[in-house]
Amino acid sequence: MTPHFKIAIVGAGFAGLGMAIRLKAQGETSFVVLEKAGRVGGTWRDNTYPGAACDVQSHLYWFSFDAQPNWSRIYPLQPEILANIDAMVARHDLLPNIRLNAELGSAAWDERDSVWRLQLRDGRMLEANIVITAWGQLNRPSIPDFSGVANFAGAWFHSAQWNHAVQLQGKRVASIGNGPSAAQFIPEIAEVAGHLTVFQRSPNYIVPRQDRAYTEEELAQFATGPARAESRELYYQEHEGWFPAFYPGTERAAEFEALARAHLEEQVADPVLRERLWPRYPLGCKRLIISDDFLPAMARPNVTLVTEHIECIEEKGVRTKDGMLHDVDVIVYGTGFDTLQFLGAGDITGRGGRSLRQAWHAAPRAYLGMNIAGFPNLFMLYGPNTNLGHNSILLMLECQFEYILQAVNAIDQHDGRPLDVRSDALATFNRRLQNDLQATAWAGSCISWYKTADNLITNNWSGSVEDYRARTSQLDLNDYEFVEAPPQTARAG
Ligand code: NAP
């Protein structure tokens with residue numbers, strides 16, 4: 001017999017685990033969490049590169065509905081986050097609901113039986129009335145297709161697939177990329193490598209981090225009194241206050257630009273290097289980097305900044321378009337992720353046999369980032385246009401959890417009839433969203449993982465967290481339809 005669940009969640013990172021906790025708290029028992037890997041943790045399991053940390057303060061980087069960890073420092077490091085995720089899974093006794101090494105191959109909506117039929121990559125089948133995808137936006141490493149890679153004599157790997165067996169001590173290392181991930185591992189590599197060459201395609205705005213470990217006294221206060229909740233609230237308000245900076249020409253944008261410029265002037269003495277590290281696109285167009293050690297690392301004598309574009313990879317290293325060969329022993333690709341498809345690994349087929357790939361042939365779009373017309377009872381967490389540039393993504397996930405719980409209740413109250421978003425509601429939502437996004441810095445002239453080559457912003461939400469919370473606080477059934485049961489004759493066939 002094919003195992004049947006009311007709800008299947010795909011992915012056991014923060015999104016899938018948080019959803020599972022909220023379902024359980026509501027008394028749901030028939031749910032399963034499918035996880036492709038051999039352990040939970042999502043991005044915090046995958047990214048083990050040296051220096052991996054969160055750029056949101058730890059007090060804000062946790063679910064409001066869960067016991068708050070007693071974080072050891074202002075900005076949490078990856079091992080501490082992953083350990084806290086494990087503790088959260090244990091605290092909520094989620095393991096019985098999680099299937100590890102269970103990668104989704106396909107999910108097809110069966111219109112006759114109103115059920116999703118899921119097939120795992122290893123051939124196992126299961127069915128669920130409701131599917132909630134939680135496969136993230138940043139987990140399919142993107143490695144540029146430079147010619148000659150096969151001839152490279154040294155080791156190479158992507159930042160999200162760090163090969164810890166490769167020793168970097170004394171080696172000549174290349175970092176291709178200088179984004180948020182690279183900005184964290186570059187200072188660590190520079191510390192141990194003989195030489196580090198950083199290949200920069202675009203510079204970034206860097207603002208101060210001011211990280212430190214909490215003192216024993218602070219930790220004691222956080223563990224018992226209201227201090228941690230107050231700290232969380234302060235960080236929340238501070239980050240919400242950043243949002244106007246994402247509109248070019250505002251006072252807030254000018255303040256952040258001045259902050260980034262002062263940081264650069266303070267940390268890089270060489271005026272020529274400084275200008276090579278200074279961006280010339282609107283602040284916020286690419287993700288702001290929050291770092292106190294990236295710029296000093298770039299100024300080290302054993303670090304070279306290369307801004308010539310890469311021509312190819314050769315046996316001995318990286319050749320740039322000016323003809324120069326940069327000899328290296330190891331290449332680290334800090335080149336980001338394939339972020340524009342939102343499709344996960346599986347093939348999703350909705351009503352009338354239409355695939356999600358077809359539905360999204362122009363671009364991914366989802367009502368409130370969660371629902372796609374023609375895909376009943378399918379909900380996405382951290383779907384299209386729900387990423388932020390200014391605040392903790394966990395806050396957006398919490399809005400989505402509560403919204404989906406309302407939808408699950410609505411389905412229950414309508415005798416389990418499947419819920420599908422109306423295509424006109426999706427179209428109206430998306431038109432307004434894209435219109436609002438045009439005024440933001442993300443629409444500016446830069447390359448970023450937030451948008452397609454045609455400048456269509458597919459990843460970012462157009463407002464603040466408060467805006468999204470207001471927009472998702474109440475499920476409006478007028479924007480949905482309950483799918484009619486198919487006629488009996490069709491059932492008989
Ligand atoms: P990313 O922001 O996409 O940066 C990729 C880097 O590789 C950029 O410097 C990019 O240059 C460069 N690159 C890509 N293709 C290239 C090519 N063909 N030739 C030369 N350079 C190339 O990726 P990421 O640094 O992994 O960060 C992704 C996201 O992960 C972040 O924006 C953030 O949301 C998240 N993240 C978060 C944290 C955290 O603290 N919470 C830490 C790390 C990452 P261009 O700039 O010119 O495109």
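The model is predicted, so local features need pLDDT of at least 70 and side-chain atom pairs count only at pLDDT 80 or more, while totals for chains, interfaces and linings use all residues. Residues are numbered from 1 along each chain as its sequence is written, and side-chain values use heavy atoms, with hydrogens and water left out.

The shell around the ligand holds 23 residues, with Asp55, Ser181, Ser202, Lys286 and Trp449 the closest; a residue is near if one of its heavy atoms lies within 4 Å. By class the shell has 10 nonpolar, nine polar and four charged residues. Here Ala, Val, Leu, Ile, Met, Phe, Trp, Tyr, Cys and Pro are nonpolar, Asp, Glu, Lys and Arg are charged, and the others, Gly among them, are polar.

Where does the ligand lie relative to domain 1 and domain 2? Domain 1 (4-140 + 338-482) and domain 2 (149-205 + 249-333) both give residues to the shell, so the ligand lies between them. Those bounds come from an automatic or database domain assignment.

Pockets and cavities are found on a 1 Å grid over the protein atoms alone: in a cavity a 1.4 Å probe fits but cannot get out, a pocket is an open set with protein on both sides within 12 Å along at least five of seven lines, and lining residues have an atom within 4 Å of a point. Grid points are joined across faces, edges and corners, and a volume is the space filled by probe spheres set on the points.

The second largest pocket contains about 270 Å³ of space. Its lining has 16 residues, and Gly51, Ala53, Gln184, Arg209 and Asp293 lie nearest the centre. Helix α4 (180-192) gives four of the lining residues, the largest share; α4 and β11 (289-290) each supply at least two. Helices (H or I, at least four residues) and strands (E, at least two) are DSSP runs, numbered from the N terminus. The pocket lining divides into six nonpolar, three polar and seven charged residues. Domains 1 and 2 both contribute to the lining, so this pocket lies between them.

There are four cavities of 30 Å³ or more. The largest has about 80 Å³ of space, and its lining includes Asp55, His239, Trp242 and Arg287. Four lining residues are nonpolar, four polar and two charged. The largest cavity also has lining residues from both domains, so it lies between them.

Last, the backbone. Asn101, not a glycine, has a positive phi of about 50° and sits in the loop between β3 (98-99) and β4 (104-110).
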